Amino acid sequence: MDDNAEQQPLTAAPAYPAAQLAKAFTTALTHEDPATRRRAEERGQRWRAVLSGMAAGRLRVGSRTPVAGLPAWVTPEVLRGGFATGTASAGGPLQPYESEAARSFGVPAERRALFAHCLTEAGLAWLWARLDDGHYEVGVPEEAALLTVAWLVRHGATDGALDLAAELEPFADRLRFLPRPADGPAPDPTAAVHRNTVSDAVDTLVRRRPNAAVETQREALAVWQPFGDELLAHWLETAGNGRVLELAPDTEWLARGAALLARYRQLAAEHTHCTKHRDPKQNLGILRGALEETVAGRPLDARRLGLLRHAAQSMVRRRGLPGSAPHTALRGQQARQAALPSHHALAQLLLRRLAELPQDTGITEVPPLLTPVTEQEERETGLPTGAEVPPVIRRVVEAALSAPIGTLVERGVVPSAEVLAELVPQLVAATTARAYDDGTLRALMAANHRAFGNRRSLLLLNLERQVRVEELPWVRAVAGHRSAVIGKPGQDGALTVLRQLGELAVQAFPGTILPNPLVRELGVLARQCDLGAPFVEELAADIFMDTFSPKFLTAARIAGELLGGTLYERYYGIDYAAIRNLAITETGTALTRSSRPRTSPGFARLCAERAGGTSSGSWSVAANGTVIEQAQILTTHNLATLVHRVEITPQPGFADLAHRCFATVCRLTARVQGNPRPLPTIKDAAYAWRQMLFHLSLCPADEQRRFLTGLAEETARHPAHVATRLSPALAGLALTVEGGAFDTDGTADGGRARRFLGWSRTGHWMR
């Protein structure tokens with residue numbers, strides 16, 4: 001292939017959205033839950049919009065400007081897989097707060113009228129008041145635009161304000177540029193962040209319904225078994241020689257029996273969970289039916305009399321006579337169990353407690369909310385004093401904890417790198433906003449970045465990159481008001497936060513590659529502190545373009561600076577000196593330039609060769625995956641950049657991280673057994689293995705040998721097949737640690753030792 005040849009830009013095929021539409025259609029027709037059917041129907045409508053937009057040419061899926069007529073900075077509505085629907089997230093009908101603002105301004109309830117009013121003296125004064133008191137929110141980045149105009153006007157940058165207003169004006173009738181009202185300023189995320197708000201916890205608890213099975217059991221223990229005991233005791237009064245109805249019932253007995261039947265009808269009307277008492281073949285049903293016949297004056301036939309006596313005998317035989325010590329102890333235990341408050345009732349108690357807190361923030365003090373039921377609460381709710389909040393309810397409240405991000409990781413509120421990536425924008429927003437000297441502008445840009453962090457990534461082809469926050473017109477308009485000192489080493493700036501986040505991610509989740517949303521946020525910080533080292537995303541094998549941007553070669557060169565001559569280089573058969581020379585050559589001759597984005601053809605060729613040949617003429621997802629994996633191996637997928645350039649020092653050290661990576665490898669390998677689709681799991685295990693190799697390579701040689709001796713102990717904690725499956729990989733690791741090398745096909749010792757890779761074109765040996 002000619003690396004410099006011009007190609008027609010690729011576009012996405014409609015097969016994926018068509019499949020998603022079919023899936024949503026099926027769910028909307030067949031799911032038993034009405035709410036799920038409704039959501040599926042709405043999802044199907046959005047997928048229909050994608051397909052119709054693609055067919056009509058209104059959507060160019062794969063482009064960073066997928067919606068015709070909308071510039072790249074407009075936040076698009078994006079569905080799973082990165083498909084834009086054609087709708088702007090800041091578009092749609094007027095929001096209630098916009099209608100209220102129009103009423104208070106005395107202008108028509110139209111976005112263009114709101115936009116025009118905000119450029120008047122009265123409108124600017126209203127915006128300045130919002131900037132000063134901080135009582136606003138930015139849900140989508142566009143809602144920061146008019147506040148930025150107002151800030152520029154107040155600070156004498158009239159030309160910048162006019163230019164920004166002119167750029168926004170063509171979209172004033174379609175997009176909401178007005179900020180949302182809020183009760184107060186946003187909390188400082190550098191002190192604490194939260195995964196869920198109090199409102200989120202309330203919504204989760206509100207959706208919690210009583211457990212039908214538990215309520216049925218509770219009713220059986222509290223209502224029907226005691227009533228059955230009363231019926232049994234009543235019948236036993238007629239027993240002579242141990243046989244029920246041996247003695248004839250008298251008038252008083254019949255009257256009390258009628259009262260029992262009347263109470264039964266009342267209980268049956270009030271307690272409807274348990275229906276076992278209605279079954280005429282069950283003991284309670286037999287006793288009740290016989291009593292109804294007897295009270296009505298109808299003699300029992302031989303069959304019914306036999307059933308009655310058998311039921312009474314079996315009940316006594318199983319639990320003892322009512323009132324006896326064993327029977328009383330059993331019923332007491334069951335009564336205590338039935339008296340325990342239900343999870344649903346305790347959830348209602350937690351709702352009362354949460355109602356007293358601000359709803360739009362996290363919870364700073366969780367323990368007071370999880371104390372046992374107090375005497376005052378017993379008087380108000382009927383719940384017993386001292387009742388404990390069950391773990392399932394505790395977890396809902398704990399998930400809204402507001403604390404430093406490291407604390408959330410430590411307490412398990414952040415259980416994965418993916419969840420960590422959801423929280424990082426809050427911290428990055430505050431950090432990058434420190435570049436602005438003015439406090440009101442700093443708060444505005446932090447709110448804008450938080451909203452931008454929620455922008456979903458587009459499916460991009462032809463090496464196009466996602467829109468960056470710096471490209472938003474209102475961010476560009478205030479770029480000149482940034483300080484030049486942020487991020488310098490030793491200062492409390494972007495580099496410090498970048499180092500903290502890098503250490504946290506590597507320490508907490510050593511066996512997981514950095515997810516793309518987290519990589520993007522780290523990239524923002526790296527640009528802020530002018531690190532000069534790129535962060536590279538994980539590429540999708542199904543849309544891989546057979547080439548890489550230049551930053552991949554730069555990242556590989558950084559890895560070589562750290563890992564040259566180490567176990568990592570030997571294990572994967574890398575020539576980092578050659579990569580350094582390739583980087584120098586491509587930089588000196590200017591990387592490929594055309595109307596398309598820049599590429600690194602040399603790095604692409606190297607990855608293809610290491611994957612087993614050139615990619616030309618052999619396109620497949622598996623083939624693409626093998627090439628992408630080689631790029632991850634060469635670059636270490638950001639680990640070398642974090643250690644070598646950001647200078648993270650994860651604790652308690654690299655040997656510990658290597659051990660924890662291997663535990664992840666074993667845990668994932670255990671899931672291969674009986675797995676109908678094992679390849680994604682094998683891929684993740686190989687990625688964890690690669691991260692293990694990286695950390696182990698930064699340990700001294702004697703530490704590496706001690707690591708080998710401890711692997712058997714770890715594998716013994718897992719099913720036996722784990723050691724069997726990993727045996728070739730473990731042999732290959734031992735070979736390399738002792739100075740050996742693999743053959744060109746990645747095996748050694750007649751195939752008994754293998755290099756552990758995640759992707760294969762011909763079927764993976766671990767299967």
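1. A salt bridge here is a side-chain nitrogen of Lys or Arg within 4 Å of a carboxyl oxygen of Asp or Glu. By that criterion, a search of the whole structure, which is a predicted model, finds 32 salt bridges.

2. Confidence: the chain has an average pLDDT of 88, and 95% of the residues score at least 70. Over residues 1-8, however, the pLDDT is below 50, and this stretch has 12 contacts in the model beyond near neighbours in sequence. Residues 591-595 also stay under 50, with 12 contacts beyond four places in sequence.

3. Arg 353 pairs with Glu 377 in a salt bridge whose closest N and O atoms are 2.8 Å apart. Arg 353 counts as buried because its relative accessibility is 10%, under the 20% cut-off. Glu 377, at 12%, is buried as well.

4. Arg 645 and Glu 561 form a salt bridge at 3.4 Å, N to O. Arg 645 is partly exposed at 28% relative accessibility, and Glu 561 is partly exposed at 42%.

5. Arg 752 meets Asp 749 in a salt bridge of 3.1 Å, N to O. Arg 752 counts as exposed, with 56% relative accessibility. Elsewhere, salt bridges with shared partners join Arg 64, Arg 465 and Glu 471 into one network.

6. Ala 622 sits in helix H27 (residues 621-635) and is partly exposed at 24% relative accessibility. Setting aside neighbours within four places in sequence, Ala 622 contacts Trp 759, Ser 760 and Arg 761.

Note on methods:
Residues numbered from 1 in each chain as written. Predicted model: local features only at pLDDT ≥ 70, side-chain atom pairs only at ≥ 80, totals over all residues. Heavy atoms only, no water. Helix = DSSP H or I, 4+ residues; strand = E, 2+ residues; numbered from the N terminus. Buried < 20%, exposed > 50% of the residue type's maximum accessible area, 1.4 Å probe, protein only. Contact = heavy atoms within 4.5 Å. pLDDT = per-residue confidence, 0-100.
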